[in-house]
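Subject: Structure handover

Hello,

My notes on it follow below.

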Amino acid sequence: AIESTGSWWLTISFLIFIGWTTGLATKAFNAYIVLTFGTVLSMLFSSFLTPALSKYLSDKLFLSHYKDVCDNLCGAVIAGILSSFFFSLVLALFFSNLPLNQKIIFASLTCILTGLWITNNAMLILEEEKAAFFSFVIGFLLEFLFVITFGRHKLNVFLTGLTIGFGSVFFSQLAFILKGYN
C-alpha cells in the first residue's frame, strides 16, 4: 500500500504527523478508528489504480507525450474519488454507530486521501518531489491551524481539519500537474 501512495518518505511522515496530531487534538478513540479506516480504505482504492497509471504514464513520459499525463491522471482521480466516497459512505452507514455528519466526513476524508495518493504517485513519476513536499507542508499547516483555531477536542472539527488539510494537498498537487504538464 505504501508503494502505491507515491514517495515513501512523504507517506511515512504523513502517518507520523497523523498520529501526533491525533494525540494532540483529541483523546477520543473514535478519531483513531476513523483515521485508520480512512487511511486503509484510501490506500486500498488507490492501489487498484496507481500501478496501471504509473506504468502507462512512465511510457508516455518516455515518448514525451505530456498531454496524456493530464488526461489519464484526471480519469484515475475521478474513478478513485467517486468509488472510494460511495463505498466508504455505504460502509459507514451500515457498520458504524457514528452520527451521520461524522459518516459523511469519514467518506469525504477517504475520497480526498484516495485522490491524494493518486496525485502523489504521479508527482513521483514526474520527479516533482520538492513540489509534493511543499504541498504536504502547506496542508499540514492548514490542518494544524484549523484544529487549533476551531476546537482541539471536538471530533467533528478534527476530522474536518484533516479533510481540509489533505484536500489542499491533493488539489495543489493536481493543479501543479495540470498546469505544468497539460
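Glu127 is exposed, because its relative accessibility is 69% and the cut-off for exposed is over 50%. This residue lies in the loop between α4 (100-125) and α5 (129-150). Its backbone deserves a look in your viewer. Phi of Glu127 is near 60 degrees. That is a positive value in a residue other than glycine. Keep in mind that this is a predicted model.

Helix packing next, with α6 (residues 155-181) in both pairs below.

Take α3 (residues 67-95) and α6 to begin with. Their axes come within 8 Å. The crossing angle is roughly 155 degrees. The crossing is left-handed.

Which residues of α3 meet α6? On the α3 side they are Lys67, Val69, Cys70, Leu73, Cys74, Val77 and Ile81. On the α6 side they are Phe170, Leu174, Ile177, Leu178 and Tyr181. By class, this contact has 11 nonpolar residues, 1 charged and no polar. Lys counts as charged, so Lys67 is the charged residue in that list.

Now α4 and α6. These axes also come within 8 Å. Here the helices cross at roughly 30 degrees. Angles under 35 degrees count as roughly parallel, so α4 and α6 are roughly parallel to each other. Their crossing is left-handed. The contact of α4 with α6 divides into 17 nonpolar and 11 polar residues, with no charged ones.

Last, the aromatics. How many aromatic pairs does a search of the whole structure find? The search finds 6. Two of them in detail:

- Phe85 and Phe86 are edge-to-face, at 5.5 Å centre to centre and 80 degrees between the planes.
- Phe133 and Phe134 have ring centres 5.6 Å apart and planes at 65 degrees. Over 60 degrees counts as edge-to-face, so this pair is edge-to-face.

Is Phe133 buried, partly exposed or exposed? With 36% relative accessibility, Phe133 counts as partly exposed. There is also an aromatic cluster, formed by Phe136, Phe140 and Phe166.

That covers the loop residue, the helix pairs and the aromatic rings.

Best wishes

Notes
Residues numbered from 1 in each chain as written. Predicted model: local features only at pLDDT ≥ 70, side-chain atom pairs only at ≥ 80, totals over all residues. Heavy atoms only, no water. Phe/Tyr/Trp six-rings, centres within 6.5 Å; stacked < 30°, edge-to-face > 60°. Buried < 20%, exposed > 50% of the residue type's maximum accessible area, 1.4 Å probe, protein only. Helix = DSSP H or I, 4+ residues; strand = E, 2+ residues; numbered from the N terminus. Axes fitted to C-alpha atoms, helices over the stretch in contact; angles between N-to-C directions. Left-handed = near helix turned anticlockwise from the far one by under 90°. Contact = heavy atoms within 4.5 Å. Parallel < 35°, antiparallel > 145°, perpendicular 65-115°, else oblique.
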